[in-house]
Structure formats: structure tokens, C-alpha cells
Amino acid sequence: ALEAGDWPVLGGLLDENHALCQELTVSCAELDTLVLAARSAGALGAKMSGTGRGGLMLALTPGKELQDKVAAALEAAGAAQVWKTSLAT
């Protein structure tokens, strides 16, 4: 999905992976809140990353407008920091 640039499929895979992390109990309420905030703001997918339990999360947000919208939602949901980057195409 990543190599093909199939963002909806990649987003679904991120969501699926986050659900698996929740089942393994390596996520936490704070990360789950941020993942839900990103999805609610329009992210195509989101998941925790790093070591979990207070680590970090990522959201798939193609395009600057969506990226800015999701970043604002994450800040409003209490994210300590929000970093934005782009994939080289």
C-alpha cells in the first residue's frame, strides 16, 4: 500500500495495527484518545508507535489542509507536541 501510494488501504492498515496494539495492552488511554482525535478530524488512519504507554502516535494525513486540521485536533486533545512531515513521492 505504501509503495503503491494507496493511502486509504494504508490508513486501514494503521487502524488495524493500532487495534492489535490495544489487544496486546501496549497502548494507553492517552494514545487512544489522540488516535481517535486524529481519525475524527479526517486522518485516513492512525496508530501508536514507539514503546507505547505514553510514547507517540502517527496519523496519515495526505495534503497540507488535512495535516493542519488533524494537527489542530491533536493539540486540542492534549498532545504534548505535534510534528508534521511529508513523504517523498
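Q: Which residues are exposed on the other side of α1?
A: On that side, Pro8 and Glu23 are exposed. The model is predicted, so local features need pLDDT of at least 70 and side-chain atom pairs count only at pLDDT 80 or more, while totals for chains, interfaces and linings use all residues. Residues are numbered from 1 along each chain as its sequence is written, and side-chain values use heavy atoms, leaving out hydrogens and water.

Q: Why is Lys64 called exposed?
A: Exposed means over 50% relative accessible area, buried under 20% and partly exposed in between (1.4 Å probe, protein chains only); Lys64 has 59%, and is therefore exposed.

Q: What makes the pair Lys64 and Asp68 a polar contact?
A: Their side chains come to 2.6 Å, whereas the term asks for a pair of N or O atoms within 3.5 Å, where within protein one must be able to donate a hydrogen and the other to accept it, and residues adjacent in sequence count only if both atoms are side-chain atoms.

Q: How do you know that the span of helix α1 agrees with its number of residues?
A: The expected span is 1.5 Å times one less than the number of residues; for the 17 residues of α1 (residues 7-23) this gives 24 Å, and the end C-alpha atoms are 24 Å apart, so the two agree.

Q: Which residues of α1 are buried, and what puts them on the same side?
A: The buried ones are Leu10, Gly11, Leu14, His18 and Cys21. They cover an arc of only 105° around the axis, which is why they lie on the same side of α1; the arc is that of the directions from the helix axis to the C-beta atoms.

Technical notes: Helix = DSSP H or I, 4+ residues; strand = E, 2+ residues; numbered from the N terminus.
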